[in-house]
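Please look over the points below with the model open beside you.

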Amino acid sequence: MDSSVHRLRPVGGDAARREASASPLNDASGFEADAEGDGVRFESPTGTPSEDGYAALDLLVEGEESVKFHLRFSSADGETRVLGFRLLPACQARVRVPLAAIADDSFVLERDGAVLQRRVQGDRFDPSKLDQIELRLDRAASTPVRWWQTPLGIRGDEPPRLTDPDLPDGPLLDEFGQSARRSWSGKTESRSELEGRLRRQRDRPADRSRRAERSEWGGWTDGPRFEATGYFRIERDGDRWWLVDPDGRPFWSTGICCIRPYPETAYGGLDDALAWLPDSNREFAAAFDSTDAPDEVSTVNYLVANLIRAFGPNEWRDAWERIVDGELRRLGVTTVGAWSDREWARDAAWPYVRTLPWEFDGVESVAWDFPDVFSPAFEAAAEEVAAPLAETAGDAALVGYFLGNEPDWAWMDELPAWEMLRSTEACETRTAFAEWLRERYDSASALSDSWDADCSFADVESGRWTQSRPDGATADLRAFSERMSERFYETLVTACRRVDSEHLCLGTRFPWSPPEWAVPGLKSFDVLCLNCFRPRVPEEYGELCERLSAPLLVGEFLFGALDVGLPAPGVQWVPDQRARGDAYRVFVEDAASRPWCVGAHWYGLYDQSAMGKRNGANFNIGIYDVCNRSYEELLDSIRASNRHIYEVAAGCRVPYADEPEYLGVYF
């Protein structure tokens with residue numbers, strides 16, 4: 001393979017100012033920028049870049065915040081493909097972009113050392129047409145962003161992975177897993193402080209009793225009484241939707257996701273960024289992934305290491321369970337949310353939800369990760385997805401199950417039927433599309449006239465399309481995309497109900513409102529699940545619920561800040577911890593006041609690592625930090641909302657409305 005490297009010169013500052021001070025990286029230039037969109041353009045590459053090649057450069061960002069950039073690749077025909085990514089501050093990062101990602105349907109690329117949350121979007125084009133590359137700042141920080149970059153290179157082989165990055169300010173994490181570069185009120189300063197707090201939390205007297213107006217499950221005993229079926233179900237009481245607990249009581253699901261002691265730190269290629277790495281083979285073995293993961297995705301769990309310090313390798317898990325169970329009961333939450341330890345939840349008598357991941361073995365994808373739903377193999381794969389429900393089919397504590405989480409296709413603007421024509425040579429769903437068109441059109445000429453394109457039924461059935469989408473085809477592509485959605489969900493939900501006919505299908509955990517073409521398939525759900533990263537649940541969610549005659553469960557929401565040592569705040573950003581508490585109350589109580597909403601789950605129990613988990617997320621999302629220190633302003637708000645949530649849901653109490661300052665979306 002060609003290992004030559006063609007180095008591209010920056011041409012034009014484009015509002016990024018040259019930085020004259022000495023560079024911490026060899027052969028690097030410095031830049032400073034103030035606003036989103038500021039950056040650097042590079043000269044046109046020479047030669048003919050191929051899909052086997054790579055674009056690469058090293059970057060080092062100064063400061064304390066995780067900064068988001070994008071590389072914009074433009075073709076001579078005006079097409080653009082964009083790779084967005086975030087960088088760990090004060091740590092050398094090697095940005096390596098396979099040029100195949102310009103041409104294929106890549107969406108998420110794996111984390112690469114200090115390069116976090118890599119996502120590809122935009123037009124797809126042949127890399128041989130590459131004409132220009134730009135590095136742009138995607139998000140302005142609280143101060144001007146300063147960075148150093150080596151020359152951008154186009155090469156024919158994969159650049160070497162960076163395993164010894166420059167760390168100009170020393171390690172990024174201290175011995176407890178906290179940021180080593182920052183100080184803040186509440187930072188754990190010593191082992192004695194850590195162990196003393198954990199032991200006090202464990203020894204706090206447990207209170208397993210429910211309030212007088214709560215049922216065994218956390219339902220509302222002062223509210224209306226419905227039929228008891230022994231399982232959770234839904235009920236529409238006039239205009240108001242409710243979840244109903246197994247005893248027939250109204251149930252509003254206030255939950256917390258990720259209730260498990262595993263906030264991982266991914267340190268592959270970043271060993272020197274850790275002030276202390278526990279011994280993986282002895283006392284701290286439980287702090288490491290038990291699978292044989294490759295070095296580039298190595299993880300360590302500092303929360304578990306901290307618990308082992310306080311309670312030892314044999315007692316830490318029991319201590320954690322006691323701490324968490326007691327705190328959740330004091331908070332008054334009613335549900336253990338997604339990505340939690342469901343065995344623990346069941347044993348502790350907590351209502352809980354579970355997520356069924358979908359892996360469609362033996363089924364090809366036809367558009368991003370959307371499967372070939374008309375293939376006979378898809379029905380067999382759906383049965384495999386549903387099979388794990390047998391484990392919990394008779395469990396009254398299970399509220400319901402989610403079908404998958406934030407699929408790639410939910411993020412895309414294109415219709416899957418069109419993407420299928422571009423991405424596959426042939427598949428069963430294309431055959432079904434051609435048959436569907438034959439039923440609508442008497443002849444190939446009628447199809448061509450309608451689509452205003454020279455095409456036939458045979459062209460629809462096989463052969464990869466390279467032309468632009470015909471305007472006349474849009475209505476048919478949309479209608480068949482809807483049919484693809486219906487086939488997808490009807491098959492999956494039918495398979496699930498054969499295994500478990502008692503529990504609620506809570507839908508797919510969409511990142512926001514689903515694409516319009518997907519909506520017809522959602523009528524198979526009992527409950528619609530949408531994640532929400534806004535100050536309040538938008539009215540459009542309620543309109544969708546009305547169309548589907550189903551209530552909404554907010555699968556996850558969160559608010560984060562930059563005042564507790566994390567380099568990124570969270571998807572929805574507020575100034576500080578007090579504002580996080582106010583934002584929680586506003587969101588939850590406003591959601592409860594909506595007659596079509598039956599619950600909202602906070603994401604999650606613990607902050608993510610300041611160095612990021614496997615995908616690079618490193619947000620202030622938790623009600624606890626990595627040292628199990630709670631954010632009391634947030635906990636106070638959770639307790640206050642849960643104390644009155646049923647009165648708010650029933651319209652007997654005005655929801656909390658003291659909004660904090662919202663600083664926007666940090667993605």
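**Notes on the predicted model**

1. C529 is buried, with a relative accessible area of 0%. This is a predicted model, and the points that follow should be read that way.

2. C529 takes part in no disulfide. Its nearest cysteine sulfur belongs to C257 and lies 8.7 Å away.

3. C532 is in no disulfide either. Here the nearest cysteine sulfur is that of C597, 9.2 Å away. Across the whole structure, the search finds zero disulfides.

4. Next, strand β3, which spans residues 29–33. Is β3 mostly covered or mostly open? It is mostly covered: four of its five residues are buried.

5. β3 pairs with two strands named here. With β2 (residues 17–19) the pairing is antiparallel, over three bridges. R17 has E32 of β3 as its bridge partner. With β12 (residues 145–149) the run is also antiparallel, and five bridges join the two. There, S29 is partnered by Q149 of β12.

6. Last, helix α13, residues 577–593. It has 17 residues and reaches 25 Å from first C-alpha to last. That is close to the 24 Å expected at 1.5 Å a residue. α13 is mostly covered, with 15 of its 17 residues buried.

7. Check the start of α13 too. A side-chain oxygen of D576 comes to within 3.3 Å of the backbone nitrogen of R578.

Note on methods:
Residues are numbered from 1 along each chain as its sequence is written. This is a predicted model: local features need pLDDT of at least 70, side-chain atom pairs count only at pLDDT 80 or more; totals for chains, interfaces and linings use all residues. Side-chain values use heavy atoms; hydrogens and water are left out. Buried means under 20% relative accessible area, exposed over 50%, partly exposed in between (1.4 Å probe, protein chains only). Two strands pair if DSSP finds at least two bridges between them. The expected span of a helix is 1.5 Å times one less than its number of residues. A polar contact is a pair of N or O atoms within 3.5 Å; within protein, one must be able to donate a hydrogen and the other to accept it, and residues adjacent in sequence count only if both atoms are side-chain atoms. A disulfide is a pair of cysteine sulfur atoms within 2.5 Å.
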